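Take a look at the structure first, then work through the points below.

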Amino acid sequence: MRNKLVSALGALAMAGAATVLTAPQASALAASPAQVCGPGYKVVDSEKLINRDVWVYLTYNSSNGYNCVVTVRDVAGAPVHMSAGLTVAGSPQKNDTGYYGSYAGPVYAHAAGKCVKWNGWFSDNDQSSYESPWGHCG
């Protein structure tokens, strides 16, 4: 009985951890990555900014070989300094930085067959940011 209880608690803990690390549903955001990037773009990676209700999304459109990055608030609010950025191996970084109420971006780059780095940040009184390592190659 004790082993079953420990197994059940372990499964619940793992399910809870997975829930914490999962990006919110698009309907819960001020704007969804698909709305911002456009038709055909699918989320391939995401990162929640530390201590913020803000997510940075990397999307890809397999029909045209373009990536799109957007930094999205969970709830629209007063404009704050935000950024979304994308770098394709061998090319300069592209950014969208400004004061936005819902999202920064979209930032597009053709990346078929190449590695990318993507980033985003959000700043009101304190800045929170994310920058990925090189990845999503191909």
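**A cysteine to start with**

Let's begin at one residue: Cys115 has a relative accessibility of 24%, so it counts as partly exposed. To be called buried it would have to come in under 20%. Keep in mind as you read that this is a predicted model.

- The average pLDDT for the chain is 83, and 79% of the residues score at least 70.
- Residues 1–27 are another story, with pLDDT below 50. Beyond near neighbours in sequence, that stretch makes ten contacts in the model.

- How many disulfides does the chain have? The count comes to two.
- If you number the bonded cysteines along the chain, the pattern is 1-2, 3-4.
- One of the disulfides joins Cys37 to Cys68, with 2.0 Å from S to S. Cys37 sits in helix H2 (residues 33–37) and Cys68 in strand E3 (residues 66–73), so this pair ties together parts that are 31 residues apart in sequence.
- Are Cys37 and Cys68 buried or exposed? Cys37 is buried, and Cys68 is too.
- The link of Cys37 and Cys68 is left-handed, with -75° about the S-S bond.
- Another disulfide joins Cys115 to Cys137, with an S to S distance of 1.9 Å. Cys115 lies in the loop between strand E6 (103–110) and strand E7 (116–123), while Cys137 lies in the segment after E8, 22 residues apart.
- Why is the disulfide of Cys115 and Cys137 called right-handed? The torsion about its S-S bond is about 110°, so it gets that label.

**The four-stranded sheet**

- Look for an open sheet made of four strands, in the order E5-E4-E7-E8, with antiparallel pairing.
- Which strands are at the edges? They are E5 (94–100) and E8 (127–131), and each of them pairs on one side only.
- From one strand to the next, the twist averages 5°.
- E4 (residues 80–88) pairs with E5 in the antiparallel sense over seven bridges. You can find Val80 with its bridge partner in E5, Tyr100.
- E7 and E8 run antiparallel too, joined by five bridges. Here Gly120 stands opposite Tyr130 in E8.
- To get from E7 to E8, follow the hairpin, which joins them through three residues.

**Two threonines to look up**

- Thr87 is in strand E4. Its relative accessible area is 14%, so it's buried.
- What does Thr87 touch, not counting residues up to four places away in sequence? It touches Pro92, Gln93, Cys115, Val116, Lys117 and Trp134.
- Thr59 is in strand E2 (residues 54–61). With a relative accessible area of 1%, it's buried.
- Leaving aside neighbours within four places in sequence, the contacts of Thr59 include Pro33, Tyr41, Lys42, Val43 and Val44. Cys37 and Cys68 are also in contact with Thr59, and those two cysteines are joined by a disulfide.

Note on methods: Residues numbered from 1 in each chain as written. Predicted model: local features only at pLDDT ≥ 70, side-chain atom pairs only at ≥ 80, totals over all residues. Heavy atoms only, no water. Pairing = 2+ DSSP bridges. Axes fitted to C-alpha atoms, helices over the stretch in contact; angles between N-to-C directions. Disulfide = S-S within 2.5 Å. Buried < 20%, exposed > 50% of the residue type's maximum accessible area, 1.4 Å probe, protein only. Contact = heavy atoms within 4.5 Å. pLDDT = per-residue confidence, 0-100.
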